[in-house]
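This report covers aromatic ring pairs and charges placed over rings. The sequence and structure come first.

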Amino acid sequence: PDAARPELAAAFAAPETEQEKILADIWGQLLGVENIGIHDNFFELGGDSILSIQVVARANQAGIRLTPRHIFQHPTIAGLTAVAGSGPVIQAEQGVVIGDVPLTPIQRWFFAQEQPQPHHWNQSLLLTLETPLDAGLLETAVSHLIAHHDALRLRFYHEENGWRQYNEAINPDEAVFVHEDLADVAALAEKSAALQASLNLSDGPLLRVGYFTPGDGRPAYLLVAAHHLVIDGVSWRILLEDLQLVYQQLQAGQPVSLPPKTTSFRQWAQRLAEYAQADNLRAELDWWTAVTLTSPLPRDYDTPLTENREGIAQTVTVRLTAAETEALLREAPEAYRTEINDLLLTALAQTFTRWTGEPGLRLHLEGHGREDLFPDVDLSRTVGWFTALYPVELHLDSGAQPGAAIMTVKEQLRQIPNRGIGYGLLRYMCGDTAVREKLAALPQPELSFNYLGQMGQGQAGESPMAPAAESGGPERSPQARRAHLLEIDGGVIDGRLEMTWTYSPRHHRRETIERLANEFLASLQTLIIHCQSPEAGGVTLSDVTDFGWEQDDLDDILAAIEGM
């Protein structure tokens, strides 16, 4: 996308102090925007909650102490420099973390699926390397990452009372790294598949790195595969940056020095276990049990759900153009003070209400889960699986105009308590059995949605690593049961929004999914065009929560202003 600063309501004011210049540089790297002013709004420039975590991590490394809450409450550089350093100083454990770790809600959700091969349920990246790497230095760099990021040493034991999680000590003899020569591309597929299936929940490792070198001068490949139980989308950003940093330090003959650790995954899990018993969390129960949309999704084939397996799943991917993506990130959110997810989910709700004939859509949303629950916790550089998975109902009038639809969905999303993290805590960790059973009895959505933000932003321009076009092997066992009939995952890759729809051909025809995906794309394009139009714009209750108004009050005030 164009790196020029977009037209914003705030007049441009250049950074002057050292802190302002540092923050402007960090924002520019992560947002891909030049000439950032100190009064520019982070979210109007295309920022999102995942990028805000990266801002916090880099600012803290530069000596500017911030939290994600600071960015949401003061989303300008001027505002951040005014509050930087406020709040408690967070002292994270810097040594090697060893000991029992409570299972978090998303981990408990995973084990509740009772997968036939639970060791093979990974996330991975296959990268091409234009410049060959020193295999010995690379292996040493990987060992430093495993020592530094404690979650990579987690182990899981199936015992009489269920699964137990334990943080192991450093094991220098663990077979994590493999270096093999490749005869051809077919050999890459075979070796990648073997590496993906080689993780072991109890004996380890749960991270494996394969360095594959062809013998004919073609670029080498680097496959990094980790069990999802120990990693998530935000963690990948941390891990890849650290891998490059450590390798460069080793290559230059320098001592390895990674930024200080933030709050350990173990401490976070312990705090969640305590918070799950809080009375104010119990107050959310009525919200999560208010279910009105219970109809299953339409299907083309009446096949048993037991046949909904990973091995046969297929995908359909649709994309915006670079110009449309630019407008989605930096222009459209200003009209209704929205986040990117608001527009994506409005388009999704429009698509599904037309398809199902229902007055709304019930789905599982995935959030990054690193919520600012505790003032003495910082997760900006912590590796682990933090995802919050929670059900949401979006009610939408099928005839609503674009602006009304956006505001309706926006307000429903803003009402979700604590970005959804409480659902899993109540469902899996609340000490009251009746609460857990009540939530377990609710109908589960057949659709999941996950927007992963802007991928690859802020990585060094001279990075020798790039995503490979080839497959890195099956990330999940072919026998694994899929939790949803439809999964929609997306992010901004190389300046374009991509949304991938995963489905089972035993339940839906490809033509059906292609039609839905393209209708979603068309709805999103219509919303973007509307948000750029002169008549677009509106204020909703979540924008003025401090005033205690009702919607009728807000409507009267806005009408009076328009009539002046």
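## Aromatic cluster

In this predicted model, ring pairs join Trp109, Phe110, Phe111, Trp121, Phe156, Trp163 and Trp385 into a cluster. Rings of Phe, Tyr and Trp (its six-membered ring) pair if their centres lie within 6.5 Å; planes under 30 degrees apart count as stacked, over 60 as edge-to-face and the rest as tilted. The count by this rule is 18 aromatic pairs.

Phe111 and Phe156 make a tilted aromatic pair, 5.8 Å centre to centre with 50° between the planes. This pair links distant parts of the chain, 45 residues apart: Phe111 belongs to helix H5 (residues 105-112) and Phe156 to strand S3 (residues 154-159). Helices (H or I, at least four residues) and strands (E, at least two) are DSSP runs, numbered from the N terminus. Phe111 and Phe156 are both buried, where buried means under 20% relative accessible area, exposed over 50%, and partly exposed in between (1.4 Å probe, protein chains only).

## A strand-helix pair

Trp501 and Phe520 form an edge-to-face aromatic pair, with 6.0 Å centre to centre and 65° between the planes. Trp501 lies in strand S14 (residues 496-503) and Phe520 in helix H18 (residues 510-532), 19 residues apart. Trp501 is buried because its relative accessible area is 0%; Phe520 also counts as buried, at 0% relative accessibility.

## Charges over rings

Arg476 lies over the face of Trp121, 3.8 Å from the ring centre, and Trp121 is one of the cluster residues. Arg271 lies over the face of Phe374, at 4.4 Å from the ring centre. A charge sits over a ring if NZ of Lys or CZ of Arg is within 6 Å of the ring centre and within 35 degrees of the ring normal.

## Basis

Residues are numbered from 1 along each chain as its sequence is written, and side-chain values use heavy atoms, with hydrogens and water left out. In this predicted model, local features need pLDDT of at least 70 and side-chain atom pairs count only at pLDDT 80 or more, while totals for chains, interfaces and linings use all residues.
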